[in-house]
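Have a look at the sequence and the structure, then read on.

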Amino acid sequence: MQPVYRAIVRWPTATLLVVALATLFFGWHARNVRLDASVETLLNEGDDEKAYYDEIRRLFGSDEIGVVGVLADDVYQPDVLKKIQALTEAIAKVDGVAEVVSLSNAVDPVADVLDPPPLIAELPRTPEESQALRAKLAERPIYLKNLVAPDGRAAGLNVFFEEMSSDEFERRGVDDAVAAIVAQANGPETVVYTGLPHFKQHSAHAMRADLRRFVPLALGIVVVILALCFRSFRGVLLPVLTILVTLIWTLGLMVLLGTPLSLGTLALPPLLLVLASAYCLHVVAEYYETAESGGTPRDVVLRLLQMTGTPIVITAITTVIGFLSLVTNQIVSIRQLGIYSSIGVVIAILLSLIVVPSVLALLPLPKVKHEGSSTTVARRLSAIASFGIEHRRALIIGAAVLCLLSATQIPHIQVDTNLHSFFRAGDPIREATDLINERLVGSMAFYVAIDADQPGTMKKLDTLERIRALQREIDGLHGVDKTISFVDYAEMLDRGSQAPAGADEGDFVVDDAGNLVPAGGGSAEADAAGGKPRTFWENPAQLEPVIQLVASSPKSFQRVIDKDFSRTHVLVRTTLARSSEVTALVDQISEIAARVFPPELRARPTGNLILMTRTASDLVSGQISSLALATIVIFAVMALMFLSVRVGLIAMIPNFVPVIVFFGLMGLTGAPLNLGTSIIASIVLGIVVDDTIHLMSRLSAEIRATADQHEAMLRTFSSVGKPALYNSALLFFGFASLATSTFVPLQQFGVLSAVTILVAILTELALFPALLATTRIITLWDLLGVKLGQDPHRTIPLFAELRPSQARLVALLAGLESHTTGERVVRQGEVGDQMYVIINGKAEVVVDAGGERRSVRELGRGDVFGEMGLIRSHERTADVVAKGPLEVMTVDQRALTRVQRRYPRTAAQIFLNLARILSDRLQTETARRGA
């Protein structure tokens with residue numbers, strides 16, 4: 001990285017020019033960013049159920065219809081019916097509307113099956129005519145709870161749209177035109193508009209409104225906190241410039257890759273603004289601290305990059321891991337959020353280490369001491385850390401109790417992917433949906449598709465009886481308002497073909513043989529029964545002409561039966577919306593179908609409502625897999641960073657406590673696990689660990705400067721604790737700004753994330769020092785650095801030609817001993833398997849020959865002795881006595897074997913170094929004896 005840092009400092013103008021050109025390129029594309037409010041982005045892309053639904057949808061048409069509700073005291077009144085007629089005609093004229101079905105234009109096959117007349121030929125003019133129309137509709141149940149409520153207090157217009165993409169639907173303004181017509185028709189009757197197509201368009205408008213609110217609000221929060229933190233123009237301008245460029249690059253890349261902003265990725269822009277500013281904050285804070293030591297602007301910037309480059313890159317890795325863990329989720333929009341958030345974080349890191357240093361290298365150093373480094377905040381942070389160290393036992397127990405209490409609430413978490421709950425109470429579309437559900441019919445619909453192995457199966461009376469039995473049982477289930485099937489159409493056609501005696505000339509009826517004959521030729525049996533015709537249930541021969549009628553006009557019935565009569569469906573209208581309730585309903589329907597249908601008939605509930613419900617299990621599995629992946633990888637990064645599993649675990653605890661508290665809050669408050677809340681744990685874990693890395697990185701540097709762990713901890717928290725505190729404030733208010741969203745899942749995401757961030761900074765500043773105080777963070781390698789200098793491997797013969805990382809590994813496997821003046825480190829004649837390296841102090845080698853003790857040589861810092869015992873257990877040939885306070889590093893055969901097994905190349909170099917030490921010792925002794 002050093003060459004890169006020097007290049008940035010050496011050519012800042014050229015660097016900024018390249019960034020400016022790239023920003024123009026991405027900005028040109030970012031202006032075309034699209035919004036996608038479709039439900040498809042909320043579904044599992046690889047779900048086989050989705051492929052099956054797409055097939056059914058192509059066959060029978062979409063279950064996505066617009067529903068216009070007209071609510072009145074009596075919809076059979078002439079004025080109300082006239083309004084329904086006017087609405088039907090106006091909406092039907094909208095470009096993009098394929099068909100509108102209402103009371104005013106519905107046909108009546110019962111009156112004439114071959115050429116059905118309008119259900120309402122003329123609008124009623126008298127109360128008697130209105131009552132007759134009410135009675136007429138009561139005899140045609142297919143229209144009840146569909147076009148009119150049984151109590152006559154609500155009527156519905158079903159709006160079918162032409163097949164088109166979501167982009168074309170929005171571009172042509174189809175939904176807006178329908179909504180405008182509905183708005184103009186309101187009063188004195190209540191007229192409302194809902195349905196999945198309207199939900200999509202309403203969501204798109206809400207998304208635009210949210211973005212117009214989020215970006216300025218998040219930017220304003222960033223500016224305020226940066227101003228409070230640095231109180232300087234450059235301290236605010238440079239981070240703001242960087243985060244805006246980050247957003248432009250990311251959105252431009254999304255456009256180039258053809259990815260729109262969806263309901264799941266709507267939080268991306270404000271999220272990137274906050275995250276990018278957090279990285280810039282650390283860079284600028286380090287700049288002001290580094291500038292106080294003086295030097296040229298470019299020298300200061302180079303030192304700044306050397307100090308912050310590595311920890312910032314590592315924090316980026318952990319944050320990216322948190323976001324990339326979402327890629328394991330099968331839901332499209334969550335996966336896209338993970339991918340593009342990761343890309344945005346990488347861009348933010350690059351720009352923080354390129355743009356900010358480049359501009360700072362061109363500016364003069366601050367003339368006054370930076371206000372943000374005032375000792376007041378530092379003293380308070382140091383006091384908090386000191387409190388945590390002194391009361392570590394109580395804090396650790398308190399954190400454990402809090403985690404246990406939170407864990408008890410986790411089983412109470414509910415999973416819900418309810419589209420209805422995307423909008424808060426009081427939102428127009430939610431109010432409209434509630435009114436339609438209450439007064440007319442369930443606004444949610446899905447299919448129960450029925451497949452047969454053989455063509456013509458649906459023509460059989462036995463099959464129709466089973467479908468009717470299934471339908472009746474479904475009608476009795478909780479939450480089901482209405483079902484419609486091919487059987488209902490067949491019954492209606494059957495009634496139409498059984499015209500009573502005295503029917504108009506030209507009408508047709510079915511005789512006893514099941515043949516269509518002109519009216520007047522009906523059976524005597526029917527006439528004897530008082531004119532009441534029999535149905536094909538009573539006279540199976542009547543079914544054949546009904547089937548002939550359907551087969552002769554396949555387009556008229558293509559929404560309920562396929563051409564070869566092997567596939568049909570039951571359309572279920574329901575008021576249920578919660579995932580758990582819909583799942584229970586689907587399970588009940590599947591159980592009924594398994595009981596009613598033989599193996600050659602298969603019933604399969606399907607539809608967008610069911611697909612959305614199925615994502616509930618995807619949310620749970622995605623939550624588990626992404627959180628597990630993020631935890632494992634981040635722990636591995638922390639453990640490798642400090643080459644200690646124990647330190648890695650300690651560093652993870654203050655970051656995992658907020659996650660456990662978050663889940664506890666969800667269970668306690670009743671906030672469901674939904675599209676928004678399911679991503680919090682992994683994201684927050686990846687974000688809050690950043691401060692831990694900065695703290696641990698500075699702690700490592702402070703430890704190398706002093707062997708006092710307590711003092712190093714206080715220095716660390718009083719210095720790096722400041723940007724960590726400001727960073728948490730940025731994240732807290734940035735996430736909290738999402739609470740202003742129109743979408744409830746995004747509100748919950750913002751509030752719960754903000755609370756989790758608040759818990760995280762409290763555990764970071766108080767619990768973390770308490771945990772660190774329970775273990776010795778100062779390693780032997782750190783101590784070697786303090787005693788022997790910044791590169792101890794260069795002064796110890798055993799570590800010759802080893803890289804610092806290799807020498808550090810060996811040192812971490814070694815031991816440390818302290819000896820007082822006159823104490824023997826090794827004794828002549830005893831068997832030993834350790835080698836010693838003097839870290840501090842002096843020692844004397846003494847040989848006892850024939851009762852006479854003779855000093856052979858004096859050893860100082862960095863010298864090695866006892867190497868023969870390391871190679872093979874061997875009797876010591878001399879005493880080594882401490883000439884004063886003595887500290888030695890010990891390496892035994894066990895440690896050497898572990899190095900040889902795990903790091904063979906490092907072990908090979910150590911053995912070579914031992915051979916050189918022994919050769920030098922032999923050469924010295926030979927020369928001494930020869931002299």
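Predicted model: local features only at pLDDT ≥ 70, side-chain atom pairs only at ≥ 80, totals over all residues.

At what angle do the axes of helix α4 and α7 cross, and within what distance do they come?

## The α4 and α7 pair

The axes of α4 (residues 78-92) and α7 cross at roughly 160 degrees and come within 10 Å. Axes here are lines fitted to C-alpha atoms, for helices over the stretch in contact, and angles run from 0 to 180 degrees between N-to-C directions. Helices (H or I, at least four residues) and strands (E, at least two) are DSSP runs, numbered from the N terminus. α4 and α7 are therefore roughly antiparallel to each other; angles under 35 degrees count as roughly parallel, over 145 as roughly antiparallel, 65 to 115 as roughly perpendicular and the rest as oblique.

The crossing of α4 past α7 is right-handed. For handedness, the near helix turned anticlockwise from the far one by less than a right angle gives a left-handed crossing, and clockwise gives a right-handed one. On the α4 side, Lys 83, Leu 87, Ala 90 and Ile 91 meet Val 178, Ile 181 and Ala 185 of α7, where contact means heavy atoms within 4.5 Å. Sorted by class, that contact has six nonpolar, no polar and one charged residues. The classes go like this: Ala, Val, Leu, Ile, Met, Phe, Trp, Tyr, Cys and Pro are nonpolar, Asp, Glu, Lys and Arg are charged, and the others, Gly among them, are polar.

Residues are numbered from 1 along each chain as its sequence is written, and side-chain values use heavy atoms, with hydrogens and water left out.

The average pLDDT (the predictor's confidence in each residue, from 0 to 100) is 81 for the protein, and 89% of the residues score at least 70.

## Two partners for α26

Helix α26 (residues 744-772) has its axis within 11 Å of that of helix α24 (residues 709-719), and the two cross at roughly 165 degrees. That makes α24 roughly antiparallel to α26. Their crossing is right-handed. Gln 709, Met 713 and Phe 717 of α24 meet Glu 764, Leu 765, Phe 768, Pro 769 and Leu 772 of α26. By class, this contact has six nonpolar, one polar and one charged residues.

Helix α14 (residues 392-409) also packs with α26, at an angle of about 115 degrees and with the axes 9 Å apart. Here the crossing is left-handed. Arg 392, Leu 395, Ile 396 and Ala 399 in α14 meet Ala 766, Leu 767, Ala 770 and Leu 771 in α26. The class tally for α14 with α26 is seven nonpolar, no polar and one charged residues.

## Two open sheets

Within it, β16 (residues 834-840) and β22 (residues 886-892) pair over six antiparallel bridges, and Val 837 has Met 889 in β22 as its bridge partner.

Another open sheet of four strands runs β14-β21-β17-β18, again with antiparallel pairing. β14 (824-826) and β18 (852-859) stand at the edges with a single partner strand each, so one side of each is left without a neighbour in the sheet. From one strand to the next, the twist averages 35 degrees. β14 pairs with β21 (residues 879-882) in the antiparallel sense over two bridges, and Arg 824 stands opposite Val 881 in β21.

Two loop spots are worth a look. The peptide bond from Gly 187 to Pro 188 is cis, with omega near -5 degrees, and Pro 188 is found in the loop between α7 (174-185) and β5 (190-195). Arg 231 is not a glycine, yet has a positive phi of about 50 degrees; this residue is in the loop between α8 (196-230) and α9 (233-256).

Definitions and conventions:
Pairing = 2+ DSSP bridges.
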